[in-house]
Amino acid sequence: MRHCLERGEWRVGERIPIEPELAEQFGVSRNTVREAVRVLAYNGVLEVRQGDGTYVRSAVDAGDMPQDLSRATLREHLEVRAMLEVESARLAAERRTPEDLEVMRAALSLRGEHPHKRRRSVFVEHDLAFHRAVVEAAHNPALAKLYAFFERAVRSTVRATLEVQGLPEPDYAAHVRVFEAIAERDAEAAVQAARALLQPILDALDPAAPRLP
């Protein structure tokens, strides 16, 4: 069924063949077809309309995204992370509440400086908690869900900046600047501060590449 979608045999908006026809076409049982349809519907590829049939909703299977992300390079991960975190900082500066600031302040305090004298894994989780708090302060549920989905990749980029020689790790002061801009409701300063966290790493990976917009 995935091949039919990938080859364009079933287009978005079209109704796919009925269950008995699919079972015969693929040489499998109707139960197998039913389970495949259920999985593709769960992933947002198909839409089952009671009494009307099953339609193609999207040509992209969200279930493939984790595998696709695992193939991405560190730079590609960082570019996506930058897009999410820069926009989150801008929105957070416009929408944050006093409670949001308290969560960010607590996460920032736990993060502290580079983990020379403590377990690296603990530092990574505290660093991630701060960035997650910024995203939550944007008060955009869709953005929060997208960041949560991408969080595993974010965690890997934080680890990489600590483990790969020559990559600069954004220091505590750089994170404080993000927090202060959000606290002051200065959206432009928040954008600049969030961008400044990751741009040096991108430059170190590929100095000749264009800077973040």
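Colleague: Let's start with one residue. Where does Leu 146 sit in this chain?

Modeller: Keep in mind that we're looking at a predicted model. Leu 146 belongs to helix 8, the stretch covering residues 141–163.

Colleague: Okay, and is Leu 146 buried, exposed or partly exposed?

Modeller: For that you look at relative accessibility: under 20% is buried, over 50% is exposed, and in between is partly exposed. Leu 146 comes out at 44%, so it counts as partly exposed.

Colleague: Let's zoom out. How many helices and strands does the protein chain have?

Modeller: There are 10 helices and 2 strands. In sequence order, the pattern runs α-α-α-β-β-α-α-α-α-α-α-α.

Colleague: And what share of the residues in the chain is buried?

Modeller: The chain has 213 residues, and 41% of them count as buried. As for its accessible surface, that's about 12,200 Å², with 53% belonging to carbon and sulfur atoms.

Colleague: What about aromatic rings: how many aromatic pairs turn up in the whole structure?

Modeller: In general, you describe a pair of aromatic rings by the distance of the centres and the angle of the planes. In this case, the search of the whole structure gives 0 aromatic pairs.

Colleague: Which charged residue sits over the ring of Tyr 55?

Modeller: That's Arg 49, whose charged end lies over the Tyr 55 ring, 3.9 Å from the ring's centre.

Definitions and conventions
Residues are numbered from 1 along each chain as its sequence is written. This is a predicted model: local features need pLDDT of at least 70, side-chain atom pairs count only at pLDDT 80 or more; totals for chains, interfaces and linings use all residues. Side-chain values use heavy atoms; hydrogens and water are left out. Helices (H or I, at least four residues) and strands (E, at least two) are DSSP runs, numbered from the N terminus. Buried means under 20% relative accessible area, exposed over 50%, partly exposed in between (1.4 Å probe, protein chains only). Accessible areas come from the Shrake-Rupley method with a 1.4 Å probe; for residues, only the protein chains shown count as cover. Rings of Phe, Tyr and Trp (its six-membered ring) pair if their centres lie within 6.5 Å; planes under 30 degrees apart count as stacked, over 60 as edge-to-face and the rest as tilted. A charge sits over a ring if NZ of Lys or CZ of Arg is within 6 Å of the ring centre and within 35 degrees of the ring normal.
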